[in-house]
Amino acid sequence: LYFSARMVLEEFANDLDSAVINYHEKRRELSRFLAPQLVSQLLEGDRADIERRVAPRQQLLALGFADIVGYSKLCSKYPDQAHQIATLLRDWKREMRDATFRRDGVVDKFIGDCIFYHCGAWTQALPEKLALDAVAIALDCVAATEKLRRRMADYGFAAEDDLRLST
């Protein structure tokens, strides 16, 4: 077979493009659940460290849960404002994610207007610190929800529409 230098370079460039795209896709997906510094550690760390971090193991965690009180009522009251409701929920999820990441917590999942998070998966912290981090995240989530509640009119909702958090 005859390969020209141009063909080899083109193939290399295509492989490199695919690797860069794959890296950015993985970063984007992980960034939905992990703080930026943890994503960087996973994607840029050495293979042994990554395998150690993701291997199944028994680990002490502090778990948290937060749900918007009044969200279903809001959806029922404003069926023609789906876009505004979706925008509110998107902004709320961003605030919850950021509150979780500030304490190196992990977003386990969002289910509708609910977030499940945990602390301790990436650290070897004392149980007291894990509990304090989980409570701090909950308090930050409450404060962020209150901030959004005060801006209900910005989303096109009445000032008396209630938005609270259950943790």
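Colleague: Where is the place of Asp161?
Modeller: Asp161 is in the loop between H6 and S4. Keep in mind that this is a predicted model.

Colleague: Why does Asp161 count as buried?
Modeller: Its relative accessibility is 7%. Buried means under 20%, so Asp161 passes that test at 7%.

Colleague: What makes the link between the side chains of Asp161 and Lys77 a polar contact?
Modeller: The distance is 2.7 Å, and the cut-off for a pair of N or O atoms is 3.5 Å. The side chain of Asp161 also has a polar atom 2.9 Å from the backbone nitrogen of Ala158.

Colleague: Which residues are in contact with Asp161, leaving aside its neighbours within four places in sequence?
Modeller: They are Leu74, Lys77, Tyr78 and Met152.

Colleague: Which parts does the pair of Phe65 and Phe116 tie together?
Modeller: Phe65 is in strand S1 (residues 62-69) and Phe116 is in strand S3 (residues 114-119), so the pair links parts that are 51 residues apart in sequence.

Colleague: What are the relative accessible areas of Phe65 and Phe116?
Modeller: Phe65 has 35% and Phe116 has 29%.

Colleague: What about Tyr78 and Phe157?
Modeller: They form a tilted aromatic pair, 4.9 Å centre to centre with 55° between the planes. Tyr78 is in the loop between helix H4 (71-77) and helix H5 (82-102), and Phe157 is in the loop between helix H6 (127-150) and strand S4 (164-166), so this pair ties together parts 79 residues apart in sequence. Both Tyr78 and Phe157 are buried.

Colleague: How do you know whether the span of H5 agrees with what its 21 residues should give?
Modeller: At 1.5 Å a residue, H5 should span 30 Å, and its end C-alpha atoms are 30 Å apart, so the two agree. Buried residues in H5 include Leu88, Trp92, Met96 and Phe101. Just after H5, Asp104 has a positive phi of about 55°.

Colleague: In what order do the four strands stand?
Modeller: The order is S2-S3-S1-S4, in an open sheet with antiparallel pairing.

Colleague: What makes S2 (106-111) and S4 edge strands?
Modeller: Each has a single partner strand, so one side of each is left without a neighbour in the sheet. From one strand to the next, the twist averages 25°.

Colleague: How do you know that S1 and S3 pair?
Modeller: Pairing needs at least two bridges, and S1 and S3 have six, in the antiparallel sense. Asp67, for one, stands opposite Cys114 in S3. S2 and S3 also pass, with five bridges, and run antiparallel; here Phe110 stands opposite Ile115 in S3.

Colleague: How many residues lie between S2 and S3 in their hairpin?
Modeller: Two, and Gly112 in the turn has a positive phi of about 60°. As for S3, five of its six residues are buried, which leaves it mostly covered.

Colleague: Which strands does H5 touch as it packs on the sheet?
Modeller: H5 touches S1, S2, S3 and S4, and its direction makes about 160° with that of S2. H6 packs on the sheet too, touching S1, S3 and S4, at about 150° to the direction of S3.

Colleague: Last one: is Leu9 buried or exposed?
Modeller: Leu9, in helix H1 (residues 5-31), has a relative accessible area of 57%. Exposed means over 50%, so Leu9 is exposed. Its C-alpha atom is 54 Å from that of Ile68, 59 residues away along the chain.

Terms used:
Residues are numbered from 1 along each chain as its sequence is written. This is a predicted model: local features need pLDDT of at least 70, side-chain atom pairs count only at pLDDT 80 or more; totals for chains, interfaces and linings use all residues. Side-chain values use heavy atoms; hydrogens and water are left out. Buried means under 20% relative accessible area, exposed over 50%, partly exposed in between (1.4 Å probe, protein chains only). Rings of Phe, Tyr and Trp (its six-membered ring) pair if their centres lie within 6.5 Å; planes under 30 degrees apart count as stacked, over 60 as edge-to-face and the rest as tilted. The expected span of a helix is 1.5 Å times one less than its number of residues. Axes are lines fitted to C-alpha atoms, for helices over the stretch in contact, and angles run from 0 to 180 degrees between N-to-C directions. Contact means heavy atoms within 4.5 Å. A polar contact is a pair of N or O atoms within 3.5 Å; within protein, one must be able to donate a hydrogen and the other to accept it, and residues adjacent in sequence count only if both atoms are side-chain atoms.
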